[in-house]
Amino acid sequence: MENKKDLLDMTFEELKEAFTTLGYPAYRAKQVHQWLYSGQLDINNMSNLPKEMRERIAGKFIAGGVKIAEKLISKIDGTRKYLFELKDGNIIESVLMKYHYGYSVCLSTQVGCRMGCAFCASASLGMIRNLTVSELLAQVLTIGHDIGERISHVVLMGIGEPFDNYNTVMEFMRRINREDTLNISFRKMTVSTCGIVPRILEFAREGIPVNLSVSLHAPNDEIRQRTMPVAKRWSFDELLSACKEYTRITSRRITYEYSMIENVNDSTPFAEILGKKLKGTLCHVNLIPVNTIEGIGFSKSSRARIEDFKRTLEGYGIAVTVRRELGSDIMAACGQLRRNKIT
Ligand code: SAH
């Protein structure tokens, strides 16, 4: 593996310092910085730099180091799934979705995941390693460059558990928020966790208004522990009180993700239990018809079950939406992202 330093791992200040040390005027750092955040990650294509400089810089640095290995475009809704090859040969996936309010990317935060949720395709990968700040940036920059449009929203709901790669994820979000990078408002970023309690509490104190999603998928410990190993580490009550503490500190509404799995967590009595627990808290519940993963024996709840569940929760004054499924023909939906075997 090459050991060149990655330009995307450096802040603007660090770039300036590195370039002045190499004998270039400071404005060169600014030009390179502009190229990087316009999505041009090929140093040899940074056309306003002298050829000699491009060659010298490319000899010393890389930018992101990810390559598009494959791109799938949904015929139904235009959702795109990108497979990226990292410089060590690992593969990750990201998804681009178009909404009326703009383009949103769903990014991976780790190669694999060690949380082991029973319904999730990424779990079978196991955990290989954390992604770096540059690899997170390279996903959004490469996609933006590929479609030639501004990415307005970033959700960290791809492969991996963002709160298991906490510091990198925080630095990434702060980086893309800067006016001189992608200028994406914190309110247009969402981080999703399976419920790592201490990190939820830490996140509450970061002072950045990023949206928080918590993957709940059950109304109590018994059901949650059946599908989510993390539920054995922190109880449902511990998780709920961390979420309440988060809301107390930030005054922000939490989104609870609830994948509807037939005959596992989708009965009306379960909706009653959940409704009682969430009643009066500042939250929103997003019901996701579970995506069937080959070899994993879970089925989607029926439309009627989902509607009943929704109505029951609404009876407790809770805001509920049912997630629209995008990119279903290209396996781009939640929980379906996984490494394709490339040998
Ligand atoms: N590790 C983080 C983020 C990645 S998963 C988390 O757990 O929140 C993004 C969302 O997809 C989570 O809510 C996850 O539980 C959900 N998910 C995983 N597999 C799924 C599947 N097969 N169908 C529907 N949602 C799934």
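How many disulfides does the rule give here? The count comes to zero, where a disulfide is a pair of cysteine sulfur atoms within 2.5 Å. Cys 113 is in no disulfide, and its nearest cysteine sulfur, on Cys 120, sits 6.6 Å away. Cys 194 is buried at 6% relative accessible area, and Cys 113 counts as buried at 11%; buried means under 20%, exposed over 50% and partly exposed in between, with a 1.4 Å probe and protein chains only.

A word on the ground rules: this is a predicted model, so local features need pLDDT of at least 70 and side-chain atom pairs pLDDT 80 or more, while totals for chains, interfaces and linings use all residues. Numbering runs from 1 along each chain as its sequence is written, and side-chain values use heavy atoms, with hydrogens and water left out.

Now for the ligand. It is surrounded by 20 residues, and among the closest are Phe 119, His 217 and Asn 291; a residue is near if one of its heavy atoms lies within 4 Å. By class, that shell holds nine nonpolar, nine polar (Gly goes here) and two charged residues (Asp, Glu, Lys and Arg count as charged).

Look next at the N and O atoms. The side chain of Ser 215 puts an N or O atom 2.6 Å from a ligand oxygen. A ligand nitrogen is 3.0 Å from a polar backbone atom of Gly 160, and a polar side-chain atom of Glu 161 lies 3.0 Å from a nitrogen of the ligand. Taken alone, the ligand exposes 530 Å², and the protein buries 97% of that (Shrake-Rupley areas, 1.4 Å probe).

Terms used:
A polar contact is a pair of N or O atoms within 3.5 Å; within protein, one must be able to donate a hydrogen and the other to accept it, and residues adjacent in sequence count only if both atoms are side-chain atoms.
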